[in-house]
Amino acid sequence: MVIEEPPRFGTPGPPMRRSPLIIGFTAGLGLLLAYCAYLAVQNVRSILILIFIAMFLAIGLNPAVVRLVKWGMPRGLAVAAVGIGAMLVLCGGIVALIPPLVQQSNDLVENLPQYIDNLQRNDQLNKLNDDYQLLDQLKNVATAGNITKALGGVWGGVQVAFSALFNILTVIILTVYFMGAFERLKEGGYKLVPATRRERVRLLGDEILAKVGAYLGGALAIAVVAGLSSFVFLLILGVAYPYALAVLVAITDLIPQIGATLGAVVVSIVGFATSLQAGIACVIFFVIYQQVENYLIYPTVMRRAVKVSDLAAIISVLVGVALMGVVGALIAIPVVAAIQLIFREVVIPRQNAR
């Protein structure tokens, strides 16, 4: 006969009754925890955005790593090669943009009082100046020292520069780590799915990741074409800083739907600052090029990457900009492509089976 020993910490009592007090307390505790989680996410929102950008870049660069591995290169060396190549491109863009930007900003600050003097040649402005001394007051305020102070001073500029540098380095480091551990992270994510559905989730997940990578590759190819075309045109036209402006056009062209227009506006303004003829030539060139890109280059490249309608692309970009700014615009189209794939392969067949 086996004698059971009593539990070490006593016999459990009967379950507590679900009184309104306990239900309300539990619900209130859940709301409090949810609110704390919301505050925590808000506090680390900027870091989460950097992580998200790094993951997106890693997914987009992974096809290049896979291709190098297929050519016989070890994965670690392939990740290093792709990472170094991406950093060289980034550094080239920064080197191209920063010196002209600093030079033009200094010229603007130094010559602003002279620009104000030129405005005094306008009869209407002279009349307003005689009545209210607007230009005289503006000239007294628009000194290099006051402008520097208004922009936050030297310390403010240093803080902005270090913040931007920190964000860029963080994204680069995280992207390299994500590329190195890409397969391990992907398989770890699939293991969280029940075994009975794991194979189907793996197939859908691989297809979504392939679409994201294809989209990023296609967007980079289109941006390179836009940058090279702009560089050749600006070089022929004789506009100052053609390489920096071409890099700017390529970067803004990565933003779907609206990016090409932003780059064209900036370059056209620089063209008009050079001469009236150069500005008109820039406007004509970018109007023609955008038609070629929208109706020939973009459809040809993206048709092989993601199949998203023009209406869905425009709506997704607008929603992405409203939610996450430029980052949202960049990821909007591949996200819509992934949602369409899930609806087509999961939701609609389930509805048809009912």
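Reply: Gladly! Let me begin with a term: helices are DSSP runs, H or I, of at least four residues, numbered from the N terminus. Please keep in mind that this is a predicted model.

Me: Thanks! How many helices and strands are there in the protein chain?

Reply: The protein chain has 14 helices and 0 strands. Of its 354 residues, 28% are buried.

Me: Which helix gives the most to the lining of the largest pocket?

Reply: That is α3, with 12 residues. Helix α3 covers residues 75-119, and α2, α7, α9, α10 and α14 also supply at least two residues each to the lining of the largest pocket.

Me: How much space lies in that largest pocket, and which residues are closest to its centre?

Reply: The space is about 2100 Å³. The lining has 50 residues, and those closest to the centre are A86, V89, L90, I251 and L254. By class, 43 of the lining residues are nonpolar, 7 are polar and none is charged.

Me: What makes the F233 and F285 pair stacked?

Reply: Two cut-offs decide it: ring centres must lie within 6.5 Å to pair, and planes under 30 degrees apart count as stacked. The ring centres of F233 and F285 are 4.2 Å apart and their planes are at 5°, so this pair is stacked.

Me: Why does the pair tie together parts that are apart in sequence?

Reply: F233 sits in helix α9 (residues 195-237) while F285 sits in helix α12 (residues 276-302), so the pair ties together parts 52 residues apart in sequence. Both F233 and F285 are buried. The structure holds 4 aromatic pairs, and ring pairs link F233, F285, F286 and Y289 into a cluster.

Me: Why does K186 count as buried?

Reply: Buried means under 20% relative accessible area. K186 has 17% relative accessibility, so K186 counts as buried. This residue is found in helix α8 (residues 182-191). Leaving aside neighbours within four places in sequence, K186 is in contact with D206 and L209.

Me: What makes a set of residues a nonpolar core, and which residues have the most contacts inside the largest one?

Reply: The residues must be buried, of the listed nonpolar kinds, and joined through side-chain atoms within 4.5 Å. The largest nonpolar core has 15 residues, and F56, Y215, V306, V317 and I333 have the most contacts inside it. Helices α2, α9, α13 and α14 give two or more residues to this core, with α14 giving the most, 5 residues. Another core, of 14 residues, lies apart from it and includes L245, A264, F286 and Y289.

Me: How do you know that a space is a cavity, and how many cavities of 30 Å³ or more are there?

Reply: A cavity is a set of points where a 1.4 Å probe fits but cannot get out. The count comes to 1 cavity of 30 Å³ or more. The largest cavity has a volume of about 40 Å³.

Me: Which residues line the largest cavity?

Reply: The lining is V249, D253, A260, A264, F286, Y289, Q290 and E293. Helices α10, α11 and α12 give two or more residues to the lining, and α12 gives the most, with 4 residues. By class, the lining residues divide into 5 nonpolar, 1 polar and 2 charged.

Key. Residues numbered from 1 in each chain as written. Predicted model: local features only at pLDDT ≥ 70, side-chain atom pairs only at ≥ 80, totals over all residues. Heavy atoms only, no water. Phe/Tyr/Trp six-rings, centres within 6.5 Å; stacked < 30°, edge-to-face > 60°. Buried < 20%, exposed > 50% of the residue type's maximum accessible area, 1.4 Å probe, protein only. 1 Å grid on protein atoms, 1.4 Å probe; cavity = no way out; pocket = protein on both sides within 12 Å on 5 of 7 lines; lining within 4 Å. Points joined across faces, edges and corners; volume = space filled by probe spheres on them. Nonpolar A, V, L, I, M, F, W, Y, C, P; charged D, E, K, R; others polar. Contact = heavy atoms within 4.5 Å.
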